[in-house]
Amino acid sequence: CITCHNRIAHLIDNPIDAVDAALHDGAISADILFIRSRSVELLSEEYASTGDAYVALETLDEYYAENYAEFYADNSDLVLTAVDFLKDLYDDRTFPEQELDWQTHPNNIGHRESPGCFRCHDGQHLNAAQEAIRLECNLCHSIPQVIRPNDIEPAIPLATGIEPESHLDSTWISRHHVAFDATCANCHTVINPGGFDDSSFCSNSACHGASWKYAGFDAPGLATTLGIFPVVAEPLLEDFEGEPTYEILQPLFNQQCSACHGAVPTNELRVTDFASIMAGSVNGPVIVAGSPEESRIVEVLQAGHFAELTDHQMELLVEWIASGAPET
């Protein structure tokens with residue numbers, strides 16, 4: 001079993017699962033504002049020693065005292081209890097002196113927090129006939145067919161009919177996005193391809209609504225992580241010269257930012273829908289309509305954020321904000 005699975009002895013919960021369990025059990029109070037995102041952020045950092053980790057975790061007390069003084073005045077005990085429990089979580093799951101933590105001993109069932117199944121099901125392990133170990137999603141899941149609770153019919157049904165030869169290729173699921181062309185519309189609805197609003201077969205929330213960094217749906221997650229081959233995404237909107245709106249820029253946000261600010265947003269900042277990007281993050285608004293110079297998103301990107309935009313993409317972002325940040 002341990003060739004693929006290490007759950008028998010060394011399952012170490014990742015910070016998200018550990019904090020979610022603590023909130024569910026009441027060990028950390030869910031009444032503390034933004035405690036989930038702050039806790040996950042602190043537990044996800046790498047520290048040189050347990051002492052350094054304790055110092056970082058203790059900053060939670062100062063954070064709430066300074067930023068939420070009224071709440072803290074009545075609930076400092078809840079915050080201090082959370083700090084103590086987070087220290088216990090860190091002790092149970094992280095051993096910096098031995099270089100052992102949730103990343104060195106991941107749960108290899110699945111592919112959210114580590115390559116897991118995709119260490120082998122990656123579209124790159126080929127036999128003599130150049131056939132890959134199967135990568136079809138429906139090996140384990142019912143996607144891309146989307147069926148919600150109480151639905152009589154699937155929200156996005158699977159297409160039926162004669163299957164093209166390309167679909168029988170054992171690597172098809174990992175490369176279908178690069179082979180997308182007009183012929184897809186012969187069998188599938190193709191509105192907003194690569195999106196996740198469930199408006200069509202190709203805009204599937206089950207596939208594209210989360211950052212599947214190891215499955216390659218926000219490709220090339222696995223290939224890049226494992227160093228199989230480097231791939232640079234084609235820059236979007238380089239030829240666009242019109243008046244930018246959020247609707248126009250959304251694919252750019254999805255490509256460059258959704259891994260951290262998508263379905264599971266860092267610092268509560270989600271940029272993949274209009275309402276969320278305008279709401280901002282735990283630290284306040286990131287877009288001030290009509291004022292690019294006051295917009296945090298522009299400041300961060302211009303300072304050298306790793307989600308780097310081209311000069312033209314940056315000009316479109318600034319122009320959009322300056323024009324009042326219209327949605328459509």
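Buried means under 20% relative accessible area, exposed over 50%, and partly exposed in between, with a 1.4 Å probe and protein chains only. This is a predicted model, where local features need pLDDT of at least 70, side-chain atom pairs count only at pLDDT 80 or more, and totals for chains, interfaces and linings use all residues. Residues are numbered from 1 along each chain as its sequence is written, and side-chain values use heavy atoms, without hydrogens and water.

**Exercise 1. Cysteines**

Task: Classify Cys-117 and Cys-202, then count the disulfides.

Solution: 
- Take Cys-117. Its relative accessibility is 30%, so Cys-117 is partly exposed.
- Take Cys-202. Its relative accessible area is 14%, so Cys-202 is buried.
- Search the whole structure for disulfides (pairs of cysteine sulfur atoms within 2.5 Å). The search finds zero.

**Exercise 2. Two helices**

Task: How are α3 and α4 oriented to each other?

Solution: 
- Locate the helices (DSSP runs of H or I, at least four residues, numbered from the N terminus). Helix α3 spans residues 50-67 and helix α4 residues 69-93.
- Read the geometry. The angle is about 165°, and the axes are 8 Å apart. Axes are lines fitted to C-alpha atoms over the stretch in contact, and angles run from 0 to 180 degrees between N-to-C directions.
- Apply the cut-off: angles over 145 degrees count as roughly antiparallel. Therefore α3 and α4 are roughly antiparallel.

**Exercise 3. Pro-326**

Solution: 
- List contacts (heavy atoms within 4.5 Å), not counting residues up to four places away in sequence: Pro-244, Thr-245, Tyr-246, Phe-274 and Trp-320.

How values were computed
Parallel < 35°, antiparallel > 145°, perpendicular 65-115°, else oblique.
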